[in-house]
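Dear colleague,

Please find the structure below, with its sequence.

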Amino acid sequence: MALGGNAVAGRRRHVLLFPLAYQGHINPMFRLAGILHGRGFAVTVFHTHFNAPDPSRHPEYRFVPVPDGMSGPAPVAIEDVVSHILALNTACEAPFRDRLAAVMEEYSRDDVACIVVDTHLLSMVKVATKLSVRTLVLRTGSAACLSCFVAYPLLIKRGYLPVQESELETEVSELPPYRVRDLMQLGRRHDLTCKLLERVVGAVKASSGLILNTFDALERRELVKLRRDLAMPVFDIGPLHLFSPAAAAESSLLRQDRSCLKWLDARPAASVLYVSFGSLACMSARDLVETAWGIAGSGVPFLWVVRPGLVAADGLTRLPDGFEEATRGRGMVVEWAPQEEVLRHAAVAGFWTHGGWNSTTESVCEGVPMLCRPHFGDQMGNARYVEHVWRVGFEVAGALERGGVEAAIRRLVTGSEGAQMRARAGELKKVAKECTGEAGSSGLAIGKLVDHMLAL
Ligand code: UDP
């Protein structure tokens with residue numbers, strides 16, 4: 001039975017959500033909230049104080065703050081982000097237990113369909129299970145990436161990991177098309193990476209179902225493999241942002257500078273390179289300078305997101321002297337953009353991205369080809385798929401030099417190869433749209449997910 005509109009069976013049912021408080025995790029969870037709310041569920045969002053959402057932007061949801069006891073600035077280095085995620089788990093466990101118990105007391109138990117927890121919050125999955133609250137998990141990365149997490153112990157046993165410099169180009173025959181250098185890495189701390197991934201897989205296995213922000217036509221083979229490996233219900237209901245486009249601005253932690261849309265309106269079709277490295281990736285001051293002069297030297301019009309803190313070491317993110325004059329009239333720099341709308345804009349010809357999964361799917365869904373400069377985590381694997389499997393872009397590898405940057409930008413935006421990549425991206429855009437239709441694979445999977453939630 002597929003339920004639409006306000007048709008949740010019987011009494012209005014509640015769904016509880018607990019996102020991980022990072023931008024790339026908050027966005028998909030709020031989009032899921034939008035979908036479930038549209039299907040008639042009342043939505044309650046548990047959240048940490050760190051990166052807390054603004055309840056006034058979502059008057060239709062109930063918010064329950066969970067004290068995390070954290071103070072100080074947000075972590076910057078990736079090792080610190082990993083430690084922070086682990087610490088959030090520990091700090092929130094007891095307060096979450098109290099608050100979840102109170103919410104369950106308040107709502108009749110039968111009124112709560114389930115809680116959906118980010119896969120990075122294993123401690124919350126355990127708390128919910130102990131309180132007999134049925135639990136699903138949302139994994140915000142690709143199916144291929146999760147398969148990599150599942151295979152991690154095997155890859156260690158076979159000697160692929162920890163990564164050795166001399167083996168970077170070695171193909172991982174157990175996990176095509178990955179090479180060693182495409183495998184998930186979180187800085188230099190192999191032990192931390194192992195711990196984090198083991199916890200993600202633990203959260204998935206402890207749950208009653210896995211929700212993935214991907215879609216069948218993009219990752220058919222990977223989804224088959226994942227279903228075989230996990231032997232549990234898997235709901236590939238992405239790309240989530242296509243179902244719930246309004247949620248983007250509402251869940252943004254930084255203010256989106258919308259003036260860039262007006263600026264794009266004045267540019268010719270398919271002429272502009274959009275440059276953004278997401279919410280966490282950092283670069284050295286040297287790389288910022290090479291990037292800036294590469295962009296300037298390419299002659300291609302650009303919209304560049306230079307968020308505060310993009311340069312890690314000294315916290316000073318300053319474009320080189322003379323850059324503004326050199327690019328006057330053909331470039332715009334903003335601190336944070338309405339990315340989905342930017343990618344949807346006809347003036348955008350290409351996207352230079354760090355390759356976060358949200359950015360990758362948002363680009364694919366708008367038919368925008370990519371230059372990928374992966375930094376950490378799943379980004380290397382995503383870049384591999386962009387270049388090797390979907391062939392809608394290519395990686396800018398090795399040391400950043402302005403000459404190489406210039407050439408890469410021209411290859412993507414004005415070259416014939418770039419045009420072919422854009423045509424393939426256009427095909428993916430079409431299939432992404434099809435899959436989100438009512439009879440498309442993701443549309444149907446949402447119906448199955450709702451049925452599953454109600455039957456738990
Ligand atoms: N984003 C945005 N404005 C920007 C840059 C990024 O709204 O200027 C959004 C983007 O649309 C995406 C998210 O931030 O939904 C970043 O997620 P992703 O997985 O790409 O990267 P992460 O930030 O997690 O590394």
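Phe-18 has Val-117 of strand β4 as its bridge partner. Please note at the outset that this is a predicted model. Strand β1 (residues 14-18) and strand β4 (residues 112-118) run parallel and are joined by five bridges. Helix α17 (residues 441-455) packs on the sheet, where it touches β1, β4, β6 and β7. The direction of α17 makes about 145° with that of β7. Another helix, α1, lies across β1, β2 (42-48), β4, β5 (135-139) and β6 (210-212). With β2, helix α1 makes an angle of about 165°.

The open sheet has seven strands, in the order β3-β2-β1-β4-β5-β6-β7, and their pairing is parallel. At its edges are β3 (62-66) and β7 (234-236), each of which pairs on one side only. On average, neighbouring strands of this sheet are turned by 20° against each other, direction ignored.

**The sheet of six strands**

A further open sheet consists of six strands in the order β10-β9-β8-β11-β12-β13, again with parallel pairing. Its edge strands, β10 (331-334) and β13, each pair on one side only. From one strand to the next, the twist averages 15°.

Strands β12 and β13 pair in the parallel sense over three bridges. Leu-371 has Phe-394, in β13, as its bridge partner. Helix α14 packs on this sheet and touches β12 and β13, and its direction makes about 130° with that of β13.

Why is helix α14 (residues 379-389) described as largely enclosed by the rest of the structure? The reason is that eight of its eleven residues are buried. The buried residues of α14 are Gln-379, Met-380, Gly-381, Asn-382, Ala-383, Arg-384, Tyr-385 and Val-386. These residues pack against α4 (143-157), α13, β12 (370-372) and β13 (393-395). Just after α14 comes Arg-391, which takes a positive phi of about 55°.

Helix α13 is mostly covered, with nine of its nine residues buried. Among them are Trp-357, Asn-358, Glu-362 and Cys-365. Gly-367 follows α13 and has a positive phi, near 70°.

**An exposed arginine**

Is Arg-188 buried or exposed? Arg-188 counts as exposed, because it has 11 C-beta neighbours inside 10 Å, and the cut-off for an exposed residue is 12 or fewer. Arg-188 lies in the loop between α4 and α5 (190-205). Along the chain, Arg-188 and Cys-372 are 184 residues apart, and their C-alpha atoms are separated by 21 Å.

**The two domains**

The domain assignment of the protein gives domain 1 (14-250 + 438-455) and domain 2 (258-414). The centres of domain 1 and domain 2, taken over C-alpha atoms, are separated by 27 Å. In the contact between them, 31 residues of domain 1 meet 24 residues of domain 2.

Which elements give two or more residues to the side of domain 1 that touches domain 2? They are α1, α2 (78-106), α4, α7 (240-243) and α8 (247-250). The largest share of this side, four residues, comes from α1. By class, the residues of the side of domain 1 that touches domain 2 comprise 18 nonpolar, eleven polar and two charged.

**The surroundings of the ligand**

How many residues surround the ligand? There are 20, and the closest are Gly-24, Gly-278, Ser-279, Gly-356 and Ser-359. Both domains take part in this shell: domain 1 (14-250 + 438-455) and domain 2 (258-414) each provide at least three residues.

Three helices, α1 (23-38), α12 (339-344) and α13 (357-365), each supply at least two residues of the shell. The most comes from α13, with four residues. Ser-359, one of the closest residues to the ligand, is also one of the buried residues of α13. By class, the shell around the ligand has twelve polar, six nonpolar and two charged residues.

With kind regards

Notes
Residues numbered from 1 in each chain as written. Predicted model: local features only at pLDDT ≥ 70, side-chain atom pairs only at ≥ 80, totals over all residues. Near = placed C-beta within 6 Å. Nonpolar A, V, L, I, M, F, W, Y, C, P; charged D, E, K, R; others polar. Domains from an automatic or database assignment. Buried ≥ 20, exposed ≤ 12 C-beta atoms within 10 Å, placed from the backbone. Contact = placed C-beta atoms within 7 Å. Pairing = 2+ DSSP bridges. Axes fitted to C-alpha atoms, helices over the stretch in contact; angles between N-to-C directions.
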